[in-house]
Amino acid sequence: MHKVMRTAVVTALLAIAPIAAQADGQAFITASAGKSHYNGDTGESGTYSYYGIDATERVDKKDTAFGVTGGYRWMIDDVFSIGPEAGFVDLGKLSDRVDATSPGRWTETDRSEIKNKAALLGINAKWMLGHSWSLGLRTGFLHMWSRLRSDVDGVDLYYSPGSRDHYSYKDSSHDNGFYGALNVGYDFTRNFGVTLGYEHYHGDYKSDAGSVSQKIGVWAAGAEFRF
């Protein structure tokens, strides 16, 4: 899928190059912020028991996301423009907490979180709908940085009642993936407009224990400055 996406982006840019060479256009910078929601192999909140251990898991799949994108769009005709873009996005984090106990023996709390950031490279297109309204489409591939932190706190209730233990673990991962976004925009002037839309990012967290699929959706509002 990653190779297909890269090939599609490069092909699209090569296809518009001859037209763009003779077309007018504008550079742009867009700053956006919104709410991220994690899907994929994220686990679920719930209560469960196994081998005499009682556990409650709480998964927080929502966080704040923000990004900055810059690029250029060439006017292909009166209503359609297209061009390349590059940017950076902070996708917030996925948090997980497990409280477990073996009655009369021990209790344990495990807090984990994965934070994700990504560099973007792709294409963007814009259709003018009339009366300053527009429809925007963005797609391309990304390079994602993921950082995992896990803290485990335990209390002994049997051998040495009240004694505590703490363990921390950190890891990081890099992966190539893809993204896509669809938004509705409104232009106040030729050089400034706002957008509201949905963005999707897909990149895996990889470790020695295996690969975890991360599908992250973001509802975001943005401000675009053109020059």
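The model is predicted, so local features need pLDDT of at least 70 and side-chain atom pairs count only at pLDDT 80 or more, while totals for chains, interfaces and linings use all residues. Residues are numbered from 1 along each chain as its sequence is written, and side-chain values use heavy atoms, with hydrogens and water left out.

**Nonpolar core**

- The largest nonpolar core has 15 residues; such a core is a set of buried Ala, Val, Leu, Ile, Met, Phe, Trp, Tyr and Cys residues joined through side-chain atoms within 4.5 Å.
- Leu 91, Leu 120, Leu 142, Tyr 201, Ile 216 and Val 218 have the most contacts inside this core.
- At least two core residues come from each of strands E5 (80-102), E6 (106-130), E7 (133-156) and E10 (210-226); strands (E, at least two residues) and helices (H or I, at least four) are DSSP runs, numbered from the N terminus.
- Leaving aside residues up to four places away in sequence, Ile 216 touches Ser 36, His 37, Tyr 38, Leu 91, Asn 116, Met 144, Glu 199, His 200 and Tyr 201 (contact means heavy atoms within 4.5 Å).

**Salt bridges**

- You'll find 14 salt bridges in the structure, each one a side-chain nitrogen of Lys or Arg within 4 Å of a carboxyl oxygen of Asp or Glu.
- Asp 187 and Arg 226 make one of them, with the closest N and O atoms 3.1 Å apart.
- That pair ties together distant parts of the chain, with Asp 187 in strand E8 (residues 164-189) and Arg 226 in strand E10, 39 residues apart.
- Asp 187 and Arg 226 are both buried; buried means under 20% relative accessible area, exposed means over 50%, and partly exposed is in between (1.4 Å probe, protein chains only).
- Asp 187 and Arg 226 also belong to a salt-bridge network with Arg 73, Lys 126 and Glu 224.
- Arg 149 bridges to Asp 151, with the closest N and O atoms 2.9 Å apart; Arg 149 is partly exposed at 33% relative accessibility, whereas Asp 151 is buried at 14%.
- Glu 113 pairs with Lys 115, with 3.7 Å between the closest N and O atoms; Glu 113 counts as partly exposed at 22%, and so does Lys 115 at 45%.

**Aromatic pairs**

- A search of the whole structure turns up ten aromatic pairs; rings of Phe, Tyr and Trp (its six-membered ring) pair if their centres lie within 6.5 Å, and planes under 30 degrees apart count as stacked, over 60 as edge-to-face and the rest as tilted.
- Trp 133 and Tyr 186 are edge-to-face because their planes sit at 65°, with the ring centres 4.9 Å apart.
- This pair also links distant parts of the chain: Trp 133 is in strand E7 and Tyr 186 in strand E8, 53 residues apart.
- Phe 188 and Phe 192 are stacked, 6.0 Å centre to centre with 25° between the planes; Phe 188 is exposed at 54% relative accessibility, while Phe 192 is partly exposed at 27%.

**Charges over rings**

- Arg 73 lies over the face of Phe 28, at 4.4 Å from the ring centre; a charge sits over a ring if NZ of Lys or CZ of Arg is within 6 Å of the ring centre and within 35 degrees of the ring normal.
- Arg 105 has its charged end over the ring of Tyr 158, 5.3 Å from the centre.
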